[in-house]
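Thanks, everyone. Let me put the structure up, and then we'll walk through it.

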Amino acid sequence: MRELHADTGYLLYRLGLRSGQLFNSFLQESGLRLRHYAVLRFLATAEGALQRELSTRLGYDPSAIVGLVDDLEKLGFAARRPAPDDRRSRIVVLTEDGRAFLRGTDEAGLRVTNELLGPLGPAERETLHALLLRVTEDGPH
């Protein structure tokens, strides 16, 4: 039987847990969690997104997206607007307050990443990033 640390899936799971813990610690003061941060970061790269698109792209359950967007709306970081091509649909957009929040978290986010990847050199970090992009849905195909 293989030892636990020989299982790449387990190691990725542990890395994800540690990353989530670090990011949630730095977000704690704002009252947000990593899932909120992911929605904000996605919205920062889009002109808006339907909630079902957020669910698909981020891999979150649709009901979770509703709650996350509700939270972000209450904070003024996101807003629901009528979709231009279908007035019955609502798109979620990042507000200027949401952009300001993200700008304010950039340095802290880099500190978290540096702590997480501390044992790796710059070239190793680039390689890891490129490999993670290849194995995730959002990476270049």
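This is a predicted model: local features need pLDDT of at least 70, side-chain atom pairs count only at pLDDT 80 or more; totals for chains, interfaces and linings use all residues.

Overall fold. The protein has 6 helices and 3 strands. Along the sequence, the order reads α-α-β-α-α-β-β-α-α. The C-alpha trace spans about 55 × 30 × 25 Å along its principal axes.

Now the helix pair. Look at H1, residues 8-27, and H5, residues 96-116. Their axes come within 10 Å. How do H1 and H5 sit relative to each other, in degrees? They cross at roughly 140 degrees. Over 145 would count as roughly antiparallel. H1 and H5 are therefore oblique to each other. The crossing of H1 and H5 is right-handed.

Which residues make that contact? From H1, we have Leu15, Arg18, Ser19, Leu22, Phe23, Phe26 and Leu27. H5 answers with Phe101, Thr105, Ala108, Gly109, Val112, Thr113, Glu115 and Leu116. By class, the contact of H1 with H5 holds 9 nonpolar, 4 polar and 2 charged residues.

On to the pockets. The largest pocket holds about 1,300 Å³ of space. Its lining has 26 residues. Nearest the centre of the largest pocket lie Ser19, Phe23, His129, Leu132 and Thr136. Keep your eye on Ser19 and Phe23. Both belong to the H1 side of the contact with H5, and both are among the residues nearest the centre of this pocket.

Which elements give two or more residues to the lining of the largest pocket? They are H1, H2 (34-44), H3 (51-58), H5 and H6 (122-135). H1 gives the most, with 8 residues. By class, the lining of the largest pocket has 15 nonpolar, 7 polar and 4 charged residues.

The second largest pocket holds about 150 Å³ of space. Its lining is made by His5, Thr8, Leu11, Leu12, Arg14, Leu15 and Leu128. Where does the largest share of that lining come from? From H1, with 5 residues. The lining of the second largest pocket divides into 4 nonpolar, 2 polar and 1 charged. Notice Leu15. Leu15 lines the second largest pocket, and Leu15 of H1 also takes part in the contact with H5.

H1 crosses H5 at roughly 140 degrees. H1 gives the most residues to the lining of the largest pocket. The largest share of the lining of the second largest pocket comes from H1 too.

That's my tour. Over to you for questions.

Terms used. Residues are numbered from 1 along each chain as its sequence is written. Side-chain values use heavy atoms; hydrogens and water are left out. Axes are lines fitted to C-alpha atoms, for helices over the stretch in contact, and angles run from 0 to 180 degrees between N-to-C directions. Helices (H or I, at least four residues) and strands (E, at least two) are DSSP runs, numbered from the N terminus. Angles under 35 degrees count as roughly parallel, over 145 as roughly antiparallel, 65 to 115 as roughly perpendicular and the rest as oblique. A crossing is left-handed if the near helix is turned anticlockwise from the far one by less than a right angle, and right-handed if clockwise. Contact means heavy atoms within 4.5 Å. Ala, Val, Leu, Ile, Met, Phe, Trp, Tyr, Cys and Pro count as nonpolar, Asp, Glu, Lys and Arg as charged, and the others, Gly among them, as polar. On a 1 Å grid over the protein atoms alone, a cavity is a set of points where a 1.4 Å probe fits but cannot get out, and a pocket is an open set with protein on both sides within 12 Å along at least five of seven lines; lining residues have an atom within 4 Å of a point. Grid points are joined across faces, edges and corners, and a volume is the space filled by probe spheres set on the points.
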